[in-house]
Structures are given as structure tokens and as C-alpha cells.
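Please consult the sequence and structure shown here alongside the text.

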Amino acid sequence: MDRFIIKGKNRLSGEIAVCGAKNATLPVMAATILTEGEFVLDNVPNLIDIRTMGHLLRILGARVEHDNGQLSIDTKNLNSWEAPYELVSKMRASIYVLGPLLARFGKAKVSFPGGCAIGTRPVDLHLMAMEKMGAKISIEHGYILAECDRLHGADIDFKKVSVGATANSLMAAVLADGETNLYNCAIEPEIQSFIDFLNEMGARISGKGTSHLQITGVSSLKAINSRMLSDRIEAGTFLIAGAITGSEITLTNCVPTHLGEFFDKLKLTGSDFNIEGSRITIKPASEIKPVNIKTAPFPEYPTDLQAQFMALMCLADGESIIEEGIFPDRFTHAAELNRLDASITIEGNMARVKGVKKLSGAPVMATDLRASAALVLAGLAAEGITDIARIYHIDRGYEDFEIKLQKLGADIRRVK
Ligand code: UD1
């Protein structure tokens, strides 16, 4: 298994381009199931999760080719509605095929996604929405079995804001008979770009950017070409790389407005920014101020940038509180950061981070995707060598992470 060896304390400089967003691309890939035809998607990152979804589409009968940021998906010969355990267990977002398979074939058999390193992640909201639209659902031998004649419109009120359940329900509703109202929807930028994508395919969805979406079902959709949204989480991670190493770096291909509350919080730590269109330059603070965050649905602070912010707070001049409002157990990185001499205590869904003067390198273990990124960030700022095991998590969500960091001047190498 690959590891990263980081020699910390290098000052970074220069410019890197942010990739297309994994979380914007995955629902789009699943939505290709909704019709027969050839899609060409641009700005697609080369990541394990994208390959897993591609593999799943191939198993369903699609032709999938990924070359140099361009992904072609031909769904003409799609003829299966079964998503096997081997793939769903690798990536929870495989549940995205449930809605479109039901909409296109009237049946779906999708392995029940298990727990994962960031806690129990149920799919009850996805199933509730499909049932409201007329699907009969049962769970047998670890599989979700869903069947319907044709899905019909329904009024669906999510008890919790869920990115995945919003996207899955949209895919089910676009081909349903009649009108669907989805209440308490996610409004993350990836959902908004997904609505644009579905509408370009011929869907009729209104309410984009609000928590109430209205969908008028249509009888068919068409295949299209589309460019994937820039990855706000990758952008945020690199901005923190600048802040934690005291380095001025520039990111291109960003959408600054998508950084929401993250930007405001990073400013409060003392960093400044220069924004020109899709370019952001961070002017780091000489002293990092402690700032409290609480993760919540967009536009509030994103849970996918919680671990990285915690790494930054380890070196702040004082104490900060980090509250996890989405995945209460998402703190496995805290114990690993403490191995680098950080001072973090966990109390329920809260972390108390006492800033220390310096971090010192040590062997650590990557536990989930964003936690791994936090360890890399801490390693960049730590004295000595940080040796990070199990970095396959990073390859699920960051394209060429160490290559981009090397380009900025970091001393990081991958050991096979
Ligand atoms: C997506 C993102 C993930 C991000 C998360 C929250 C993708 C592929 N993944 O995950 O990176 O961390 O949004 O922004 O886009 N919940 C239920 N029942 C359900 C579904 C969710 O209770 O049926 C709960 C979850 O446990 C969690 C909350 O709702 O507490 C939000 O989860 P959700 O937005 O669904 O996360 P994902 O779509 O899985």
C-alpha cells in the first residue's frame, strides 16, 4: 500500500489549477442511466471514485471511456439493473444508481451501503422518497430491491437536508408521471449544477438554489455534453495548505462564491485573499488566530473541510471549538493529529483544539478521505518527517495531490 513521506516546513509558492469536482461528477454519471445515448463530460477528475462509478456503469452495460479529463459514457446498451456489493461497498455514492434505474427500468437491485469510517450513514431518506413516488421496496440478503410500473409525482419532505437523497430523488422524479415537490432539499453548488445538467437533458425542474424543488415529469430525456463544476473542497484544502505553511499561493479554475462560510472563517484566522474572477491568491497570516466552526449544510461551513480546518487550528494562537453538525463521529483524524503533538480532545460531536507552538512529524494513518488531507496539511507544517500510511483514501478524492504540492515546492513523495 502506498504511503506519503513528507518533510515539513517548506515554504510553498506558485500556482495550481483546481480540478473538476468528484461530488458534482458522480450524480451526473448516474444520471446518464436515465436515457439512451452518448454523453461527453469535460473537466472530469481522474480519481478512484470516478473509476468505481465508471466500473458500475460498465457492469450495467454502458460503454465508459475516460481520457485526459474527458469522460464518454454511452448508455445505448445498458441492460442490467443490479449494482453489486463489490462496488457499492467501495463507494457509498453508488446508491445514486437507485433512482435512475427505477426511472428507466422500473426495477433496481442495489447492494445496501454499509457504514464507513465517518460513521453510520443511513439511506432511509433515499428509500422514503422512492416509496412516495410509488416504488415497492424490500431489503433482502443485503440488497435493496425496488420495483414500480412507472414512478409517479409526490410531495416529499426530507426530515434532514441530504445531498445524496436530493440528487437521487431528482433523478427519480424527472421521468415520473406528474409533478413532484421536494422540500428541505440540499442547495450545495453540486446540486445546483446537477439541476442545470438534468434540465439540459430535457428535465423540467424549477426552484434551483432554494430548498423547495418542483419537478414536472417528462416522458424522455436526451444525452448531452457538459462541463463539470470546479471542486470547492480541493480549493479549500489548498487554501489551508497556504494558511498552515504561511505561504502565498494562487489557485485557478475556482468558483470563489462556492466557498461559502469557509472563506469567512479562513479570513477570521487572519489570512487575506485576492480574488480575480476564477483566481484566488491567499495572503497568509503571520500568526494564526483561533476560530470556532460548526459544520452544516451549504452555505454554512462544509463538513468536507472540517478535518483540514482542524489541522490549521492545531497551530493557532489559542483554543478553538470545532462542532460537527453533519456526521457526529467524523473525528478519526484528531487522534492522528495528536500523534503529531497537537492537543485535541473530543467531547461528543465537538473537538476542543488547543493551539500548540509547533507540530512534530511522526508515522500516522490516513482514516478517511478528508482526514487524510488534514494529515498531509499538518505534515507540511510539522518539523521533521511525517509518514502517512493508507493514502489510498486520498486517491479517492484528490487528483495528483502530491504532484500538485510538489509543484508548489512541498517536500512530499509517494512510496509504493
Ligand atoms: C455528500 C457528499 C459528502 C459530504 C456530504 C455532506 C457526495 C458523493 N458526497 O454525501 O462528501 O460530506 O454530502 O455534505 O456528494 N442522512 C440520513 N438519511 C439518508 C441520507 C443522509 O439520515 O438517507 C444523513 C446523514 O447521515 C448525514 C446527513 O443526512 O447526517 C447529510 O448526509 P448527505 O448529505 O446525504 O451525505 P451524502 O450525500 O452521503
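**Helix α5 and its surroundings**

The buried residues of α5 pack against α4 (98-105), β8 (136-140), β9 (143-147), β10 (155-157) and α6 (163-173), where contact means heavy atoms within 4.5 Å. Helices (H or I, at least four residues) and strands (E, at least two) are DSSP runs, numbered from the N terminus. The model is predicted: local features need pLDDT of at least 70, side-chain atom pairs count only at pLDDT 80 or more, and totals for chains, interfaces and linings use all residues. Residues are numbered from 1 along each chain as its sequence is written, and side-chain values use heavy atoms, with hydrogens and water left out.

- Helix α5 spans residues 124-132, and its buried residues are Leu125, His126, Leu127, Ala129 and Met130.
- Buried means under 20% relative accessible area, exposed over 50%, and partly exposed in between (1.4 Å probe, protein chains only).
- Gly134 follows α5 and has a positive phi, near 105°.

**Domains**

- The protein chain is divided into domain 1 (3-19 + 230-415) and domain 2 (22-227); these bounds come from an automatic or database domain assignment.
- Taken over C-alpha atoms, the centres of domain 1 and domain 2 are separated by 30 Å.
- In the contact between the domains, 24 residues of domain 1 meet 19 residues of domain 2.

**The four-stranded sheet**

- Four strands form an open sheet in the order β22-β23-β1-β24, with mixed pairing; two strands pair if DSSP finds at least two bridges between them.
- At the edges are β22 (363-365) and β24 (411-415), each of which pairs on one side only.
- From one strand to the next, the twist averages 20°.
- Strand β1 (residues 3-7) runs antiparallel to β24 and is joined to β24 by five bridges.
- Lys7 stands opposite Asp411 in β24.
- Helix α12 (residues 369-381) lies across β1, β22, β23 (385-389) and β24, and runs at about 25° to β1.
- Axes are lines fitted to C-alpha atoms, for helices over the stretch in contact, and angles run from 0 to 180 degrees between N-to-C directions.

**Pairing of strand β3**

- Over four bridges, strand β3 (residues 38-42) pairs with strand β5 (residues 70-74) in the antiparallel sense, and Phe39 stands opposite Ile73 in β5.
- With strand β14 (residues 225-227), β3 pairs in the parallel sense over three bridges, and Asp42 stands opposite Arg227 in β14.

**Helices α8 and α9**

- Helix α8 (residues 232-245) and helix α9 (residues 260-268) have axes that come within 11 Å and cross at roughly 5°.
- The two helices, α8 and α9, are therefore roughly parallel to each other, a term that applies to angles under 35 degrees.
- On the α8 side, Gly236, Leu239, Ile240 and Ala243 meet Phe262, Phe263 and Leu266 of α9.
- By class, this contact of α8 with α9 has six nonpolar, one polar and no charged residues.
- Ala, Val, Leu, Ile, Met, Phe, Trp, Tyr, Cys and Pro count as nonpolar, Asp, Glu, Lys and Arg as charged, and the others, Gly among them, as polar.

**Backbone features in loops**

- The peptide bond from Phe298 to Pro299 is cis, with omega near 5°; Pro299 lies in the loop between β18 (293-294) and α10 (306-313).
- His141, although not a glycine, has a positive phi of about 50°.
- His141 lies in the loop between β8 and β9 and is exposed, with a relative accessible area of 79%.
- Asp400 also is not a glycine and has a positive phi of about 50°.
- Asp400 is found in the loop between α13 (392-397) and α14 (401-407) and counts as partly exposed at 39% relative accessibility.

Methods: Angles under 35 degrees count as roughly parallel, over 145 as roughly antiparallel, 65 to 115 as roughly perpendicular and the rest as oblique.
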